[in-house]
Amino acid sequence: MLPRRELFPNVIEMNYQARRRLGCCVYLVGDTKEWLLVDIGYADTTDEIIELIRQMDFPLANCKYLIATHADVDHIQGFKRAKELLPNAESVGHEECLTLLAAGDRVRTYAEVSAQGISIDLPAIKIDRAIADGDVLTVGDFTLETWHTPGHTHSQLAFRMGNLLFSGDNIYRDGCVGHIDAHHGSDIPAFIDSLKRIQASDIEWLLPSHGPSFRKEKGLLQKAIDRLDRYQHMADFGTCAIDWPLLDEWEAEIIKGTLPK
Ligand SMILES: [Zn+2]
């Protein structure tokens, strides 16, 4: 049997487990009797990840849930293959995640970013069931509470287990947040509310969808909240900004007849 490298009791992250970067974070939660996966990543690593799980003696038939934190292709492209290998797993995600994947929406899943020449295969993926804020997923003795944390995308979910939060693309260890992009369905005011919710909670550890797990610090979250707050009023953020105060100032100046000095 391959030794298990738990990050926290009954939590294994597959990049940490493999001791190399495979892609987005893939969390295995539970024990050999019943377990679940949070995301699976790209299809080209799915077989390897599931083989590692098998070598750690987790029976593949005992995977109860395959969770999509949201519909982005780098998190879910391997779902089709994973469902074949994990016959009893029910796939779950936010209602909008189901809709985007059922429709094969290539833009809002980041499969297609034509301006950057990005065009990635998005297989037809059917997520079995929609879950919403407050829904609880149970594997053996463990419970994950669903948090709807929109902002990066409307379908973004996070999952609380005790003092841990599988925090998706809400915030990373360096204080960066998931892409803000109107074409992807990002919403800055909603993003700020999601970060405030995480900040106000008694969660102690954040287990993000990219990069290392880290201790939740109010200051780090506050810096991100303040930055996003400024973005709301900056032209830099184009279609995601809610206003641009310079144009109001300029309007007042032209009405008054103020000239450049
Ligand atoms: Zn992501």
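1. Lys 80 counts as partly exposed, because it has 17 C-beta neighbours inside 10 Å. (A residue is buried if 20 or more other C-beta atoms lie within 10 Å of its own, exposed if 12 or fewer, and partly exposed in between; C-beta atoms are placed from the backbone.) This is a predicted model: local features need pLDDT of at least 70, side-chain atom pairs count only at pLDDT 80 or more, and totals for chains, interfaces and linings use all residues. Residue numbers start from 1 along each chain as its sequence is written.

2. Lys 80 sits in helix H4. Helices (H or I, at least four residues) and strands (E, at least two) are DSSP runs, numbered from the N terminus. Leaving out residues up to four places away in sequence, Lys 80 touches Pro 123 and Ile 125. Two residues are in contact if their C-beta atoms, placed from the backbone, lie within 7 Å. Ile 127 is 47 residues from Lys 80 in sequence, and the two are 9.5 Å apart in space, C-alpha to C-alpha.

3. Helix H2 spans residues 46-55, and its buried residues are Thr 46, Ile 49, Ile 50 and Ile 53. They cover an arc of only 90° around the axis, so they are on the same side of H2. The arc is taken over the directions from the helix axis to the C-beta atoms. An α-helix has 3.6 residues a turn, so residues three or four places apart point the same way. The cover over the buried residues of H2 includes helix H1 (14-18), strand E3 (27-31) and helix H4 (79-85). Asp 57 follows H2 and has a positive phi, near 70°.

4. Two further residues deserve a backbone check. Asn 10 is not a glycine, yet its phi is positive, near 65°. The loop between strand E1 (6-8) and strand E2 (11-13) holds Asn 10. Asn 10 counts as partly exposed, with 17 C-beta neighbours inside 10 Å. Asp 39 is not a glycine either, and its phi is positive at about 65°. Asp 39 belongs to the loop between strand E4 (34-38) and H2. Here the residue is buried: Asp 39 has 26 other C-beta atoms within 10 Å.

5. Leu 7 is part of strand E1. Leu 7 is partly exposed, with 18 other C-beta atoms within 10 Å. Neighbours within four places in sequence aside, Leu 7 is in contact with Ile 12, Glu 13, Tyr 16 and Ser 213. His 70 is 63 residues from Leu 7 along the chain, and their C-alpha atoms are separated by 23 Å.

6. Now the helix pair. The axes of H6 (residues 188-200) and H7 (residues 218-231) come within 10 Å and cross at roughly 165°. That crossing makes H6 roughly antiparallel to H7. Axes are lines fitted to C-alpha atoms, for helices over the stretch in contact, and angles run from 0 to 180 degrees between N-to-C directions. Angles under 35 degrees count as roughly parallel, over 145 as roughly antiparallel, 65 to 115 as roughly perpendicular and the rest as oblique. The H6 and H7 crossing is left-handed. A crossing is left-handed if the near helix is turned anticlockwise from the far one by less than a right angle, and right-handed if clockwise.

7. Which residues of H6 meet H7? From H6 come Ile 188, Phe 191, Ile 192, Leu 195, Lys 196, Ile 198 and Gln 199. Their partners in H7 are Lys 218, Leu 221, Gln 222, Ala 224, Ile 225, Leu 228, Asp 229 and Tyr 231. By class, the contact of H6 with H7 has 10 nonpolar, two polar and three charged residues. (Ala, Val, Leu, Ile, Met, Phe, Trp, Tyr, Cys and Pro count as nonpolar, Asp, Glu, Lys and Arg as charged, and the others, Gly among them, as polar.)

8. Ala 200 lies in H6. Ala 200 counts as exposed, with 10 C-beta neighbours inside 10 Å. Ile 203 lies in the loop between H6 and strand E14 (205-208). Ile 203 is buried, with 21 other C-beta atoms within 10 Å. Neighbours within four places in sequence aside, the contacts of Ile 203 are Arg 160, Asn 163, Leu 165, Ile 198 and Lys 216.
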